[in-house]
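Student: Could we go through this one together, with the cut-offs spelled out as we go?
Tutor: Gladly; ask in whatever order you like.

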Amino acid sequence: MTRKRIVMESVLFAAAIYIGYFVFMMLQGLVLTQRHVRDLDLTRQYERAESLQAQVAFGMIERNSEWLAVAAIGGFILLGSLYGCVRWMLAKRRPQS
């Protein structure tokens, strides 16, 4: 098992976890939107279509914070490193044939 392959697997593993998390958040927003019951009297009071968006949470709230980006990148590196270390140890244990 080469280091290049382990690094590639680690990056793909961390990316799959993050993509799965974002897909889950999108599906959760979709389900919450479909199950939302609108108050017709309240909807008539607002002439703009922004009222539904203000009442239902859609996925992740974007904040202008550098710490959020640092945490996301750090988590990506941590997940990839953890997977890579475990994979490397298991590859070293296995007898080479």
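Student: Is Y83 buried, partly exposed or exposed?
Tutor: Y83 counts as partly exposed because its relative accessibility is 25%, where buried means under 20% relative accessible area, exposed means over 50% and partly exposed lies in between, with a 1.4 Å probe and protein chains only. This is a predicted model, in which local features need pLDDT of at least 70 and side-chain atom pairs count only at pLDDT 80 or more, while totals for chains, interfaces and linings use all residues. Residues are numbered from 1 along each chain as its sequence is written, and side-chain values use heavy atoms, with hydrogens and water left out.

Student: How many aromatic pairs does the structure hold?
Tutor: There are three aromatic pairs, a pair being rings of Phe, Tyr and Trp (its six-membered ring) with centres within 6.5 Å, called stacked if the planes are under 30 degrees apart, edge-to-face if over 60 and tilted for the rest. One of them is F13 with Y83, which is stacked at 4.6 Å centre to centre and 15 degrees between the planes.

Student: Where do those two sit in the chain?
Tutor: F13 belongs to helix α1 and Y83 to helix α4 (residues 66-93), so that the pair links distant parts of the chain, 70 residues apart; helices (H or I, at least four residues) are DSSP runs, numbered from the N terminus. F13 is partly exposed, with a relative accessibility of 33%.

Student: And why is the pair of Y18 and F76 edge-to-face?
Tutor: Because the planes of Y18 and F76 stand at 65 degrees, with the ring centres 5.9 Å apart. This pair also links distant parts of the chain, Y18 in helix α1 and F76 in helix α4, 58 residues apart. Y18 is partly exposed at 21% relative accessibility, and F76 is partly exposed at 29%.

Student: Switching topic: which residues of α4 are buried?
Tutor: G75, G80, G84, R87 and A91 are buried in α4, and the buried residues of that helix pack against α1.

Student: What about S10, buried or exposed?
Tutor: S10, which is in helix α1 (residues 3-35), counts as buried because its relative accessibility is 6%. Leaving aside neighbours within four places in sequence, S10 is in contact (heavy atoms within 4.5 Å) with G80, Y83 and G84.

Student: Which backbone atom lies 3.3 Å from a polar atom of the S10 side chain?
Tutor: That is the backbone nitrogen of G84.

Notes. Polar contact = N/O pair within 3.5 Å; in protein donor to acceptor, adjacent residues only side chain to side chain.
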